[in-house]
Amino acid sequence: MPHSHSPAPLGRVRLARGASPWLLPTVATAAVSLVKARHSGRWATVAVPATALAAGMLWFFRDPEREIAEGRVISPADGVVQSVMPWKDGRTRVAIFMSPLNVHVNRAPLAGTISSVEHVPGGFVPAFNKESENNERVVWHFDTALGDIEMVQIAGAVARRIVPYVPRGCKVEQGDRIGLIRFGSRVDVYLPEGIEAGVEVGQTTTAGVTRLDRD
């Protein structure tokens, strides 16, 4: 299915949807402390860490434009491939670990229709831990030209909020923004039977750019 993305300047960086509950109070605190610091040395001791935290939040919640790559299945997340594992039903699970320094916005791995979006309660252990299989997560299913494709956003020890952007029944193009995991964590994609993984453990991925399969 061809892309229908409108052209956007690749140098442009916007803020991720869903960032405001964290970002607005932090920026407001930094702004107030900077103003008060002009007249009070005590406020200066607050302004420095508050401004650094606000700058960090702006970096964490960046959402850069991407030139969407060609390929049957592309990475939904920025991060590092944690595992490539054959599954019992013939599919291959590609697990991508997202650190707090990665872009937290996730993108559709294929074009299609979202057939389900399910929130599953669970724990919050570190995403690199095997026990993270039982973490809080959002399970996506896409009805695509390759059939049903499953993608799972998994919360971690720091990331305790997953924010879906699009509902069930919505049509998406490959590389469209579909959700946010605040402060990183893990995203799993299940390649359908017969589709070979084109990435290796330890490889860095870029959402909307890195191809996960190979011809």
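Q: Helices (H or I, at least four residues) and strands (E, at least two) are DSSP runs, numbered from the N terminus; so in which strand is Asp63 found?
A: First, the ground rules: this is a predicted model, where local features need pLDDT of at least 70, side-chain atom pairs count only at pLDDT 80 or more, and totals for chains, interfaces and linings use all residues. Residues are numbered from 1 along each chain as its sequence is written, and side-chain values use heavy atoms, with hydrogens and water left out. With that settled, Asp63 is found in strand 2.

Q: Is Asp63 buried or exposed?
A: Buried means under 20% relative accessible area, exposed over 50%, and partly exposed in between (1.4 Å probe, protein chains only). Asp63 has a relative accessibility of 2%, so Asp63 counts as buried.

Q: Which side chain does Asp63 join in a polar contact?
A: A polar contact is a pair of N or O atoms within 3.5 Å; within protein, one must be able to donate a hydrogen and the other to accept it, and residues adjacent in sequence count only if both atoms are side-chain atoms. At 2.7 Å, the side chain of Asp63 has such a contact with Arg177.

Q: How far apart in space are Ile68 and Asp176, C-alpha to C-alpha?
A: Ile68 lies in the loop between strand 2 (62-64) and strand 3, and counts as buried at 12% relative accessibility. In sequence, Ile68 and Asp176 are 108 residues apart, yet the C-alpha distance is 8.9 Å.

Q: What is the strand order in the open sheet of eight strands?
A: Two strands pair if DSSP finds at least two bridges between them. The pairing in this sheet is antiparallel, and the order is 10-6-7-8-12-4-3-14.

Q: Which strands stand at the edges of that sheet?
A: One end has strand 10 (residues 171-172), joined antiparallel to strand 6 by two bridges, with Gly112 opposite Val172. The other end has strand 14, which pairs antiparallel with strand 3 (residues 79-86) over two bridges, and there Gly79 stands opposite Thr205. Each edge strand has a single partner, so one side is left without a neighbour in the sheet, and that goes for strand 10 and strand 14.

Q: Which residue in strand 7 stands opposite Ile114?
A: Strand 6 (residues 112-120) pairs with strand 7 (residues 137-144) in the antiparallel sense, over eight bridges. Opposite Ile114 you'll find Phe142.

Q: How many residues apart are Trp87 and Tyr190?
A: Trp87 is partly exposed at 30% relative accessibility, while Tyr190 is buried at 7%. Trp87 lies in the loop between strand 3 and strand 4 (92-98) and Tyr190 in strand 12 (residues 185-191), so to speak linking distant parts of the chain, and the separation is 103 residues.

Q: Is the pair of Trp140 and Phe142 stacked or edge-to-face?
A: Both partners are buried, Trp140 with a relative accessible area of 0% and Phe142 with 1%. Their ring centres are 6.1 Å apart with planes at 10 degrees, so the pair is stacked.

Notes: Rings of Phe, Tyr and Trp (its six-membered ring) pair if their centres lie within 6.5 Å; planes under 30 degrees apart count as stacked, over 60 as edge-to-face and the rest as tilted.
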